[in-house]
Amino acid sequence: LALIGPALPAPAAVAFNSGVHVACLVAMAAGLRWHRPAARTAWRLLIAGRIAWVITDSYWNLTVERAGSVPNAPLVALGFLVQYPLLTAGLLIIANRRDSQRKHHAAIDAAIITGGLSVLVWTFAVEPSVQLGRLTAAQLTAGLTFTFCDLVVLAAVVRLGLLSGRPDPVTVLMSASGATLVAGDLVYYITVLVDQRGLTAAHAVPNLLQQLSAALAAAAVLHPALRRPPPRRRVARDGLIPRWQLAAFILLALLVPAVPVTMAALDGPLDGSGAAGRYLVPAGIAAAVSVLLVVRLGVVVRVANRRALELQRSLGQREALERELHHRAMHDPLTGLANRALLVERLDRASPGLSMLLLDLDGFK
């Protein structure tokens, strides 16, 4: 149904797209009622965010179709923005319930990966709009706000989809829904705002991605896997970095400073003020990602040291237990004197020619 919308004429497409969103919302509510998952609060937050988005989108489409412009634009922007904190909170609650032991480590990892990706978003989406100067102050502020919210949602998607254990169908569908939502916002920002194509009620690509995001979220709530507990982790890492994640960190460490340097080389020589203003944000992001990488490696070192101390303590306790067991086996528990077993052991080590006298006292206890 979402794929049919772009082929319809504008008035019919607006009504059809709104109907698809409402149908997905009803499906999410029905799936939550049928399956009754453990993290119902998280799913209620996701549904509440979707409700806010559907109401605001319907108001947007109706007012644009009738008046040709959007009255009370700040209120409309606020209505769209409500979805992002609710979506982020819901995704993080689901991810933390799946992997509660690594939530702090995984949060740092998600911030590192999202920080590296934000360099690409800034370089190829936000920074060109700032340099072109086609946006008003209000449009630029709104675009930067939505971009920041998209990056926060992207961090929650990375936390859920990549850093919360083995993926199941619900995780895959919800991660795909969040990623599609972010992609739709970025496409809208680039094609509609930067290119100044005006207020289009049913812009094809962003609206299609928004509907696909809603359909994927509805499929996640309707999927029978929502009833089952999440799959267990294959290996308990307890803060250590797996190989694929270490490779991703190395790639980001190389990518973050390389992107602005490459853009500077392609642009040619710039004046001092232009270069300083243009690459200040990528440099700040690079510094932040570097700090997060250092913090994350510090967490790994701290976990490794803690495990080494635990292993050393365990070995010490084992040696003490072995000494205690050996003492109990070779000594009388009442008097603490050596028993026959220790006597035989000492005799076996004695030099040849040793004699021993045995005295037996009847009735002696």
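Me: Helix axes are lines fitted to C-alpha atoms over the stretch in contact, and angles run from 0 to 180 degrees between N-to-C directions. In this predicted model, what makes α3 and α6 roughly parallel to each other?

Reply: The crossing angle. The axes of α3 (residues 73–81) and α6 (residues 137–161) cross at roughly 5 degrees. Angles under 35 degrees count as roughly parallel. Therefore α3 and α6 are roughly parallel. Their axes come within 11 Å.

Me: Which residues of α3 and α6 meet?

Reply: Ala77, Phe80 and Leu81 of α3 meet Thr145, Phe146 and Cys149 of α6. By class, this contact has 5 nonpolar residues, 1 polar and no charged ones.

Me: Why is the pair arginine 318 and glutamate 322 called a salt bridge?

Reply: The N to O distance is 3.5 Å. The cut-off is within 4 Å, so the pair qualifies. The two residues are 4 apart in helix α11 (residues 280–330), which means about one helical turn separates them.

Me: Is arginine 318 buried or exposed?

Reply: Its relative accessible area is 55%. Exposed means over 50%, so arginine 318 is exposed. Glutamate 322, at 45%, is partly exposed.

Me: What makes glutamate 345 count as partly exposed?

Reply: Its relative accessibility is 24%. Buried means under 20% and exposed over 50%, so glutamate 345 falls in between. Its salt-bridge partner is arginine 349, at 3.0 Å, N to O. Arginine 349 counts as exposed, at 58%.

Me: How many salt bridges does the rule give?

Reply: The count comes to 3. Among them is arginine 328 with glutamate 324, at 2.9 Å, N to O.

Technical notes:
Residues numbered from 1 in each chain as written. Predicted model: local features only at pLDDT ≥ 70, side-chain atom pairs only at ≥ 80, totals over all residues. Heavy atoms only, no water. Parallel < 35°, antiparallel > 145°, perpendicular 65-115°, else oblique. Contact = heavy atoms within 4.5 Å. Nonpolar A, V, L, I, M, F, W, Y, C, P; charged D, E, K, R; others polar. Salt bridge = Lys/Arg side-chain N within 4 Å of Asp/Glu carboxyl O. Buried < 20%, exposed > 50% of the residue type's maximum accessible area, 1.4 Å probe, protein only.
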